[in-house]
Amino acid sequence: MGSLGASTFNVLDDTRPEDTSMPAFMVSTTRGFLPRADPVVTLPKEFEALESILQRMPVKMLNGEPGLLAESKLGPEVDSSFPDLTDAMDLYQDNLPVMNALYRDYSFLASAYLLEPCHERFVRGEEYGLGRQTLPKQISHPIARCAEICGFQPFMEYAGSYALFNYRLEDPSKGLEYDNLRLIRAFEHGLHHDSSEAGFVLVHIDMVRNSGPLVAGVMKSFEAASKTAAGGDVAELRKGLNEGLEDILGSMKKINAVMETMWAKSRPTEYTSFRTFIFGITSQSMFPNGVVYEGLNDNKPLSFRGESGANDSMVPLMDNFLQVPMPETPLTEILKDFRKYRPSNHKAFLLFAKERSEELDLRTYALGLKGSTPPASDEERDLLRISRSLWLQILNQVRDFRWRHWCFAREYILKRTSHPTATGGSPIVTWLPNQLFAVLDEMAVIHKTGQEDGKGLGSVAEDVMEGALRQRDTLQKEVDKYCAERGVERK
């Protein structure tokens, strides 16, 4: 196990994939925010009943035949014959990757059980109506147990369950190439590689596999800023900062390029048919009072947000590293609440990045703002201009990511359903623009600074800003349009 950079956070460079005593998710410079090793695919023999029901669960099974969800038979089977396997977990509680696999699988079963009636109505062209309001003890007890051991909420999460711990390699020798990825669990047609459900999940995995250099670049930048503050060679350390920023920029460009492939690999017309199963039980009409987890919490309802790509750690890392100021709004409070729905190590790293960036006053140093030591030579001035340009270009990649996410919401959801909330329980029209406007505003502030102090940003950054300012006007018009159509107040 190794660490990188002058910090108190242990970022792995050796992920020790054979070590089952470590959590499945630990941030590394090689795999980024992916699990340390490829996910456990097959459950231990004690969980054959769980393996069996999950293989038979999807609307379309791997063999092409209709599964339990195709005929609304999952709930009746769970209620009549599915066993409570909680005690068997004690055999594997020290094998954290196996426990993570059990968490993944019980969360799939829980969501399918609760939302099966809503899917049945949706297929008939009706409103979602109510889901099942009680999770039976043979699901509630084991999901609570493995979630506690792994550090997750006892409901489906993006990283630990639905996406990042839900792939297998068709040919292990070919690694993480997209065409070699297959889903382990699915709700609809996702066990078939060319389906929209598979594409939706696998594109996310393909994006995150490019996050290693993102993490490494952040740590390299912190190291350069730390040594500068300690009185090191200013020009050489500024070069080190710029190298870190270049790593971050290159990683974000790759992530955004993969994100763009979503359009072809997961068709907008098909998203809402499997989306039903990834809704949460907070702020959703299907569960107005949450869900009773039988035998837990004195049988009082519990509420959890649903699976959402907003729970990914890459862009939040950038927000914290770049010190992007978010508005004090209820929408930002939802953003903060999403922090609970990540692997514990990811949460700790994101908090570290925020605190370390602030401790080093990284934004002031990188941009050469008032209060920082002014450049003492032409070389230092040129290097500062490069830093500023790279910083703004990284912000632009965050903008590009969030703009594309908005475009997905518009084309996959807003144009196809009137349901007012996203899977995670956030308002579908206003939540994503809340963060996108914040990034655009921060870009405008940095651009203005470069104009006013005469140090400039470079021609690349100027071109970036021209497009960003145009996009801000477009976004404003689109949000106003959808708010007016849906009777949503935009503050």
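Let me begin with the ground rules: the model is a predicted one, in which local features need pLDDT of at least 70 and side-chain atom pairs count only at pLDDT 80 or more, while totals for chains, interfaces and linings use all residues. Residues are numbered from 1 along each chain as its sequence is written, and side-chain values use heavy atoms, with hydrogens and water left out.

I will take the whole chain before the parts. The protein has 17 helices and four strands, where helices (H or I, at least four residues) and strands (E, at least two) are DSSP runs, numbered from the N terminus. Its radius of gyration is 23 Å, close to the 23 Å that the globule rule gives for 491 residues, so the protein is as compact as a globular protein of that length; the radius is taken over C-alpha atoms, and the rule is 2.2 Å times the number of residues to the power 0.38. The C-alpha trace spans about 80 × 55 × 45 Å along its principal axes. Of the 491 residues, 59% count as buried, by which I mean under 20% relative accessible area, with exposed being over 50% and partly exposed in between (1.4 Å probe, protein chains only). As for contacts, meaning heavy atoms within 4.5 Å, residues 24 or more positions apart account for 75% of those with a separation of 6 or more.

Now to two helix pairs, starting with H7 and H8. Helix H7 covers residues 212–229 and helix H8 covers residues 234–259, and their axes come within 8 Å and cross at roughly 160°; axes here are lines fitted to C-alpha atoms, for helices over the stretch in contact, and angles run from 0 to 180 degrees between N-to-C directions. H7 and H8 are therefore roughly antiparallel, given that angles under 35 degrees count as roughly parallel, over 145 as roughly antiparallel, 65 to 115 as roughly perpendicular and the rest as oblique. The crossing of H7 and H8 is left-handed, that is, the near helix is turned anticlockwise from the far one by less than a right angle, whereas clockwise would be right-handed. Among the residues that make the contact are Gly217, Ser221 and Ala224 of H7, together with Gly240, Gly244, Ile248 and Ser251 of H8. By class, this contact has 10 nonpolar, six polar and four charged residues, where Ala, Val, Leu, Ile, Met, Phe, Trp, Tyr, Cys and Pro count as nonpolar, Asp, Glu, Lys and Arg as charged, and the others, Gly among them, as polar.

Ser251, which sits in H8, deserves a word of its own. At 3% relative accessibility Ser251 counts as buried, and, leaving out residues up to four places away in sequence, Ser251 touches Asn210, Ser211, Pro213 and Leu214.

The second pair is H1, residues 48–55, and H3, residues 96–123, which pack at an angle of about 50° with their axes 11 Å apart. H1 and H3 are therefore oblique to each other, and H1 passes H3 in a left-handed crossing. On the H1 side the contact is made by Leu50, Ile53 and Leu54, and on the H3 side by Leu102, Asp105, Tyr106, Phe108 and Leu109; these divide into seven nonpolar, no polar and one charged.

Ser161 is buried, at 0% relative accessibility, and, apart from its neighbours within four places in sequence, Ser161 is in contact with Tyr103, Arg104, Ser107, Phe108, Met156 and Asn166.

How many of the nine residues of helix H11 are buried? Nine of the nine are, so H11, residues 314–322, is largely enclosed by the rest of the structure. H11 is followed by Gln323, whose phi is positive, near 60°.

Asp298, in the loop between strand E4 (292–293) and H11, has a positive phi of about 55° although it is not a glycine, and Asp298 counts as exposed at 72% relative accessibility. Ser72, in the loop between H1 and helix H2 (74–81), likewise has a positive phi of about 55° without being a glycine. Glu71 also lies in the loop between H1 and H2, and is partly exposed, with a relative accessible area of 48%.
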